[in-house]
Amino acid sequence: MPVPTTDPDITVRAAQLRKAYTVTEKEPGFLGSLRAFVRPNTRTVEAVKGVSFELRGGEMVGFLGPNGAGKTTTLKMLSGLLHPTSGAATVQGHTPQKRGTAFLKQITLVMGQKQQLIWDLPAQDSFLVNQAIYEIPDAEYRATMREFDEVLDLSGILSKQVRKLSLGERMKCELAAALLHRPKVLFLDEPTIGLDVNMQERIREFVREYNARFNATVMLTSHYMADVTALCQRILVIDGGELVFDGDLSALTSGPDARKTVRLQLSRPETAARLSTFGELIRLDGLDVELAVPRGEVSARAAAMLTHLDVADLTVVDPPIEQVIGQLFRSDKKPEPVKALA
Amino acid sequence: MNAHTWRKFRVLMATQFAHMTVYRAEIVIWMLSGTLSLVMGLIWMQQAASAPGGEIGGYTARDFASYFIATWGTAQILVVWVAWELSFDVRQGTLSPKLLRPIDPFWMHYVGHWAERIVRLPLMFVLLVIFAVLTGAQYTTQLSHWLAYLLLVPLAFTLRFLLEYCIGLLAFWFEAAENFQELVWVLYAALGGLLAPLSLYPAAVQKVAAFTPFPYMLGLPCDLLTGKADLSDVLRGFFILLAWTVGFGLLRALMWRHGVRKYGAVGA
Ligand SMILES: Nc1ncnc2c1ncn2[C@@H]1O[C@H](COP(=O)(O)OP(=O)(O)OP(=O)(O)O)[C@@H](O)[C@H]1O
Ligand SMILES: [Mg+2]
């Protein structure tokens with residue numbers, strides 16, 4: 001078996017990566033503050049509990065898990081913001097938390113709300129700052145901007161004050177600024193959060209093109225199924241700080257167990273029992289209903305609903321990732337063991 | 001300085017300047033609110049005018065005017081808010097994007113402060129001339145003293161900046177580090193000479209003050225302009241400031257290296 005440490009193709013490696021946060025707990029009020037000052041009451045939260053995986057150059061991997069699972073914490077360790085409590089990470093041959101210049105020039109971390117853009121100035125100015133800081137030659141800068149503009153359509157928004165941009169426009173600028181130096185490894189933490197469907201699609205397109213053009217490694221978290229299905233073949237699933245799945249996405253979304261969610265807007269209330277005959281009832285809230293149905297039977301079931309229920313509106317959507325993952329573990333078959341790391 | 005470094009400096013300066021011009025109205029207000037030394041000046045002028053012989057400790061009313069207007073102007077150049085920015089960044093997690101860039105955030109803040117000085121300078125200059133004309137304040141006409149002033153004050157600013165930077169970095173370890181900042185400000189104001197020329201303090205206080213960097217940051221450059229200090233004082237003060245600057249520079253580097261390990265990167 002090849003020894004992974006010598007594999008030149010591996011760009012990101014996490015080996016038993018662990019992060020325990022120390023949280024100081026304080027009772028409310030002045031006395032609580034005083035007590036906390038004299039004898040701080042600290043507690044350890046183990047956010048990531050020894051996670052190991054490897055990513056190959058050019059790979060796009062979805063990093064999934066419920067809220068609080070440890071996704072962001074892992075990405076922060078891989079990008080050098082957090083020092084791991086134990087274990088080790090290697091990215092492009094560098095130790096992230098040393099934050100060496102060579103390392104920082106090869107990676108980027110995009111977090112939904114965190115902006116590196118200067119709020120009071122046009123995005124253009126922040127781009128120029130990045131150009132200088134990353135020492136990007138003029139010709140390369142212009143070429144990159146041209147390419148980014150083609151996909152993201154930045155014209156017209158670069159000269160507007162960042163604070164006056166819409167969320168979507170700002171996200172486009174954020175992303176462009178974060179990729180201006182053409183990093184080889186992208187850590188994207190919910191890059192499409194809060195964006196409309198069109199904008200999500202455009203961001204995905206951008207990431208796909210970037211990956212193809214620069215053979216960049218992409219690790220992406222998202223709570224939107226579409227992001228992951230559009231971009232990633234492989235997914236890592238983390239739950240409670242532990243890696244519980246590492247394998248092909250297709251196994252989850254088009255396997256025999258895959259399901260779709262049918263959203264109904266009824267004109268007349270129905271009982272839960274009656275609704276359950278059309279699929280697994282996920283939500284019943286007055287006239288709003290969500291049912292999970294097997295992927296292969298969507299058309300037939302939807303037709304049946306339209307015939308037998310008073311339906312004002314019907315939409316079919318991919319179930320949220322949590323549900324897919326939840327289903328994966330609910331079904332009595334044990335989750336696939338994490339791929340051995342040799 | 002190589003081409004890349006020069007470019008970084010140029011772009012950062014231009015951007016920070018543009019950023020500060022957005023806040024020009026606020027800057028004017030900060031300037032006007034920093035009038036403690038002007039108020040002190042008026043009080044001392046009043047006292048001197050009514051004192052026997054028209055002077056206190058060798059300072060006439062006009063001397064006091066000259067001194068305190070110089071203090072006001074110099075203190076404007078020494079304004080530093082980096083401690084506040086840093087502790088905010090550490091606590092709110094806004095340090096994260098800055099940590100991801102291949103440049104020490106120190107330089108952004110440092111250049112940003114200088115850029116703000118450029119925005120501050122024109123109005124400050126106008127006000128200084130008005131104050132001087134109104135009170136008849138007088139300053140040295142020796143070019144060498146003005147040049148020495150221009151050498152001393154940027155160094156004093158750098159030292160104050162480093163000192164405040166270290167205070168800001170305390171946020172890695174403590175919750176409310178900016179309270180510490182107020183204490184240091186009191187020392188700076190008192191021993192620097194913002195409340196009174198240091199030579200009017202009791203001898204014991206003067207002796208203690210000489211061991212701190214503060215008299216050389218503010219009082220010394222002002223005494224130089226008013227003709228109460230000479231170039232040999234400046235030379236001594238310069239090296240004392242330099243030693244403190246190197247000391248705090250090293251402390252900052254050490255605190256940064258250890259503090260970043262403790263950074264929690266909260267948010268998102
Ligand atoms: N700075 C911190 N200090 C203390 N606890 C933290 C800190 N950051 C995160 N945590 C805790 O660690 C756990 C993992 O958080 P993390 O942000 O990594 O989750 P996540 O998978 O990104 O979740 P989400 O999908 O909601 O973004 C959570 O229980 C969270 O409360
Ligand atoms: Mg997260």
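User: How many helices and strands does chain A have?

Analyst: This is a predicted model, in which local features need pLDDT of at least 70 and side-chain atom pairs count only at pLDDT 80 or more, while totals for chains, interfaces and linings use all residues. Residues are numbered from 1 along each chain as its sequence is written, chains are lettered from A and ligands numbered from 1 in the order in which they are written, and side-chain values use heavy atoms, with hydrogens and water left out. Helices (H or I, at least four residues) and strands (E, at least two) are DSSP runs, numbered from the N terminus. By this assignment, chain A has twelve helices and 13 strands.

User: What percentage of the 342 residues in chain A is buried?

Analyst: Buried means under 20% relative accessible area, exposed over 50% and partly exposed in between, with a 1.4 Å probe and protein chains only. Of the 342 residues in chain A, the buried share is 49%.

User: Which strand joins β12(A) through seven bridges?

Analyst: Strand β12 of chain A spans residues 288-294, and five of its seven residues are buried. Two strands pair if DSSP finds at least two bridges between them. A:Ala292 in β12(A) is the bridge partner of A:Thr261. The antiparallel strand joined to β12(A) by seven bridges covers residues 259-266 and is β10(A).

User: Which residue takes a positive phi in the hairpin of β11(A) and β12(A)?

Analyst: Strand β11 of chain A, residues 280-285, pairs with β12(A) in the antiparallel sense over five bridges. One bridge links A:Asp285 to A:Asp288 of β12(A). Two residues lie between the strands of this hairpin, and a positive phi near 65 degrees is taken by A:Gly286.

User: Which residue caps the N-terminal end of α1(B)?

Analyst: Helix α1 of chain B, residues 3-22, reaches 29 Å from its first C-alpha to its last, close to the 28 Å expected at 1.5 Å a residue; the expected span is 1.5 Å times one less than the number of residues. Its buried residues include B:Leu12, B:Thr15, B:Gln16 and B:His19. An α-helix has 3.6 residues a turn, so residues three or four places apart point the same way. At the N-terminal end, a side-chain oxygen lies 3.0 Å from the backbone nitrogen of B:His4, and the capping residue is B:Asn2.

User: How many disulfides does a search of the whole structure find?

Analyst: A disulfide is counted as a pair of cysteine sulfur atoms within 2.5 Å. B:Cys166 is buried at 4% relative accessible area, and B:Cys222 is buried at 0%. Over all chains, the number of disulfides found is zero.

Conventions:
A polar contact is a pair of N or O atoms within 3.5 Å; within protein, one must be able to donate a hydrogen and the other to accept it, and residues adjacent in sequence count only if both atoms are side-chain atoms.
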